[in-house]
Amino acid sequence: MNGMNHMQVFLTYSDIALASCMIIIVLLISWQLRLKLTKTLLIAAIRTIVQLSFIGLILAWIFAREQWYEVLLILTIMTLIAGSAAKNRVKRSYKGLLTDTLIAVGTSATLVTAIAMIVILRVQPWYTPQFIIPILGLILGNSLTAISLTSNQLIEAFHEQQGRIEMMLSLSARPFEAVHEQIRAAITNGMTPTLNSMLVVGIVSLPGMMTGQILAGADPTQAVRYQIITMFLICVSSTLGCTISALLIYRRFFNKNKQFVLPH
């Protein structure tokens, strides 16, 4: 029986240049349809190259050294950037929103990543950069999207439905009862992209992590197992993040006397 042939294609800078040329297609579409996205597309393309090249150099250096404090510094920076990005996607801001998004992103991602490293993968040492950095990156990327969607919808709902919420409070409803429907809808909205991805994964789409492993010559069955694990980790982290975010926002909109207020 013939064994599997694993072929690896080593990419060069000229290959990246050829791929970059494909952006011209997007630019032509933008120009033809007057989408006014030319500047944004060019900036996005340049930032993609610069940012990924830079992080590639940093990761190569960290992978070679494997110092726990350097890994911890990178993880902290990633988490802070994710929390800030989640906050910036919310249309109606208030004082303390950045703190709330950092808590939601940081708590959910840290907890789930720790479980993945210690309980599921059992990597020794736990700070092995080859594992913990990409896993946390995947979790943060998806969690910040879920948290920003939840936060945005919930804050909008509290502002738009202030009268309804105050009416329910006047009818002796407890604060959480008065806003439970808005919280439920916001968390559901935040979870929708993750759930949609899980419903079609492997049928309609092959996720980036799995595709990257296969292209790098990994055993497809192992790539699938890693992808299953990461999808579940993302789902749990997104759910925790959305829930924590919703509860923190809920706390901001009620004072100590359990009165509904609009924070500034």
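Nine is the count of aromatic pairs in this predicted model, or 9 aromatic pairs in figures, where rings of Phe, Tyr and Trp (the six-membered ring of Trp) pair if their centres lie within 6.5 Å, with planes under 30 degrees apart called stacked, over 60 edge-to-face and the rest tilted. The rings of Phe176 and Tyr250 have centres 5.6 Å apart and planes at 90°, so this pair is edge-to-face. Because Phe176 belongs to helix α8 (residues 175–200) and Tyr250 to helix α10 (residues 220–252), the pair ties together parts that are 74 residues apart in sequence. Both residues are members of one aromatic cluster, formed by Tyr94, Phe158, Phe176, Tyr250, Phe253, Phe254 and Phe260.

Residues are numbered from 1 along each chain as its sequence is written. Because the model is predicted, local features need pLDDT of at least 70 and side-chain atom pairs count only at pLDDT 80 or more, whereas totals for chains, interfaces and linings use all residues, and side-chain values use heavy atoms, with hydrogens and water left out.

**Overall architecture**

The secondary structure of the protein consists of 10 helices and 0 strands, these being DSSP runs numbered from the N terminus (H or I of at least four residues for helices, E of at least two for strands). Along the sequence the pattern therefore reads α-α-α-α-α-α-α-α-α-α. Taken along the principal axes, the C-alpha atoms of the protein fill a box of roughly 75 × 55 × 40 Å. Of the contacts in the protein with a separation of 6 or more, 69% are between residues 24 or more positions apart, a contact meaning heavy atoms within 4.5 Å.

In an unreviewed entry, UniProt lists residues 6–29, 41–62, 68–86, 98–121, 198–216 and 228–250 as "transmembrane region"; the positions follow the numbering used here, the feature name is shortened, and such annotations may be inferred rather than shown by experiment. In the model, the span of residues 68–86 is 100% helix and 0% strand, with its end C-alpha atoms 27 Å apart. The span of residues 98–121 is 96% helix and 0% strand, and its end C-alpha atoms lie 32 Å apart.

**Burial and exposure**

Of the 264 residues of the protein, 31% count as buried, which is to say under 20% relative accessible area, with exposed set at over 50% and partly exposed in between (1.4 Å probe, protein chains only). The table gives the values for several individual residues.

| Residue | Relative accessible area | Class |
|---|---|---|
| Thr194 | 7% | buried |
| Tyr250 | 19% | buried |
| Phe176 | 35% | partly exposed |
| Ile46 | 52% | exposed |
| Ser172 | 66% | exposed |
| Arg34 | 73% | exposed |

Thr194, found in helix α8, is in contact with Ile234, Cys235 and Ser238 once its neighbours within four places in sequence are left aside. Ile46, by contrast an exposed residue, is found in helix α3; its C-alpha atom is separated by 19 Å from that of Leu11, which is 35 residues apart from Ile46 along the chain.

Glu156 lies in helix α6 (residues 129–160), and its side chain makes a polar contact of 3.3 Å with the side chain of Arg92. Such a contact is a pair of N or O atoms within 3.5 Å, where within protein one must be able to donate a hydrogen and the other to accept it, and residues adjacent in sequence count only if both atoms are side-chain atoms. Not counting residues up to four places away in sequence, Glu156 touches Lys91 and Arg92.

**The largest pocket**

The largest pocket holds about 1400 Å³ of space. A pocket is an open set of points on a 1 Å grid over the protein atoms alone, where a 1.4 Å probe fits, with protein on both sides within 12 Å along at least five of seven lines; lining residues have an atom within 4 Å of a point. Points are joined across faces, edges and corners, and the volume is the space filled by probe spheres set on them. The lining of the largest pocket comprises 29 residues, of which Gln51, Leu52, Ile55, Gly56 and Leu59 lie nearest its centre. The elements that give two or more residues to this lining are α3 (38–65), α4 (68–88) and α6, and α3 gives the most, with 13 residues.

**Backbone features in the loops**

Gln124 and Pro125 are joined by a cis peptide bond with omega of about -10°, and Pro125 is placed in the loop between α5 (97–120) and α6. Arg34, although not a glycine, has a positive phi of about 55° and lies in the loop between α2 (23–32) and α3. Ser172, a residue other than glycine, has a positive phi near 75°, and its place is in the loop between α7 (162–170) and α8.
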